[in-house]
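Here is a briefing on one protein chain. Look over the sequence and the model first, then work through the points below.

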Amino acid sequence: MEEYDDIINLPRHVSKNHPPMPMINRAAQFAPFSALTGYDAVINETGRLTDGFIELDENKKEQLNRRIAELMETIDEQPSVTITFFKPDERKAGGSYFTVSGQLKKVDEFNQILVMEDDMVISFKCIFDIQ
């Protein structure tokens, strides 16, 4: 005879005083415990990929400078341009490259920026390509 043979096949006890706990509350008892608040966010941020800034060679820089000079001459016509530029990430090293198209509103040579019709500001030093 085994040690628990006398009770192994008995029906499960149901209390007359306490109603059964709803399944959602039972599940909550066994949910994982998060001792470190914000830890998941830090892990996700660390895993988020960024691109490195591509340093342009002198030939490409000269080509962009000529293109910006051409745009300055035709700024009254608000030329249509497509610009690929680097936007640094606000939280970590690196950033991302973006391409925008639209009408150029202003070329500010003193502050070294281009201003698009939607008021997006693009720094000369972040520009990768202008079409």
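How many bridges join strand E1 to strand E2, and do the two run parallel or antiparallel? Nine bridges join them, and the strands run antiparallel. Keep in mind that this is a predicted model.

**Overall build**

- The protein chain holds three helices and five strands.
- Along the sequence, the order is α-α-α-β-β-β-β-β.
- The radius of gyration of the protein chain is 32 Å. For a compact globule of 131 residues, the value would be near 14 Å.
- The C-alpha atoms fill a box of roughly 100 × 30 × 20 Å along the principal axes.

**Surface, contacts and charge**

- Of the 131 residues in the protein chain, 22% are buried.
- The accessible surface is about 10,800 Å². Carbon and sulfur atoms account for 54% of that surface.
- Take the contacts between residues at least 6 apart in sequence: 51% of these join residues at least 24 apart.
- There are 14 positive and 23 negative side chains in the protein chain. The centres of the two sets lie 5 Å apart.

**Strands E1 and E2**

- Strand E1 covers residues 80-88, and strand E2 covers residues 95-108.
- Proline 88 has glycine 95 in E2 as its bridge partner.
- E1 and E2 form a hairpin with six residues between the strands.
- Glycine 94 in this hairpin takes a positive phi near 95°.

**Strands E2 and E3**

- E2 also pairs with strand E3, residues 113-116. Four bridges link E2 and E3, again in the antiparallel sense.
- Lysine 106 stands opposite valine 115 in E3.
- E2 and E3 make a hairpin with four residues between them.

**Glycine 102**

- Glycine 102 sits in strand E2.
- Is glycine 102 buried or exposed? Its relative accessible area is 13%, so glycine 102 is buried; the cut-off for buried is under 20%.
- Leaving out residues up to four places away in sequence, glycine 102 touches Pro79, Ser80, Val81, Met116 and Glu117.
- Phenylalanine 86 is 16 residues from glycine 102 in sequence. Their C-alpha atoms are 17 Å apart in space.

**Methionine 116**

- Methionine 116 belongs to strand E3.
- With a relative accessible area of 3%, methionine 116 is buried.
- Which residues does methionine 116 touch, not counting those up to four places away in sequence? They are Val81, Ile83, Ser101, Gly102, Gln103, Leu104, Lys105 and Ile122.
- Methionine 116 and glutamine 78 are 38 residues apart along the chain. A distance of 9.1 Å separates their C-alpha atoms.

**Two glutamines with positive phi**

- Glutamine 78 is not a glycine, yet its phi is positive, at about 45°.
- Glutamine 78 lies in the loop between helix H3 (58-73) and E1.
- Glutamine 78 is partly exposed, with 33% relative accessible area.
- Glutamine 112 is not a glycine either, and has a positive phi of about 60°.
- Where is glutamine 112? Glutamine 112 is in the loop between E2 and E3.
- Glutamine 112 counts as partly exposed, at 40% relative accessibility.

Definitions and conventions:
Residues are numbered from 1 along each chain as its sequence is written. This is a predicted model: local features need pLDDT of at least 70, side-chain atom pairs count only at pLDDT 80 or more; totals for chains, interfaces and linings use all residues. Side-chain values use heavy atoms; hydrogens and water are left out. The radius of gyration is taken over C-alpha atoms; the globule rule is 2.2 Å times the number of residues to the power 0.38. Buried means under 20% relative accessible area, exposed over 50%, partly exposed in between (1.4 Å probe, protein chains only). Contact means heavy atoms within 4.5 Å. Accessible areas come from the Shrake-Rupley method with a 1.4 Å probe; for residues, only the protein chains shown count as cover. Lys and Arg count as positive and Asp and Glu as negative; His and the chain ends are not counted. The place of a charge is taken as NZ of Lys, CZ of Arg, CG of Asp or CD of Glu. Two strands pair if DSSP finds at least two bridges between them.
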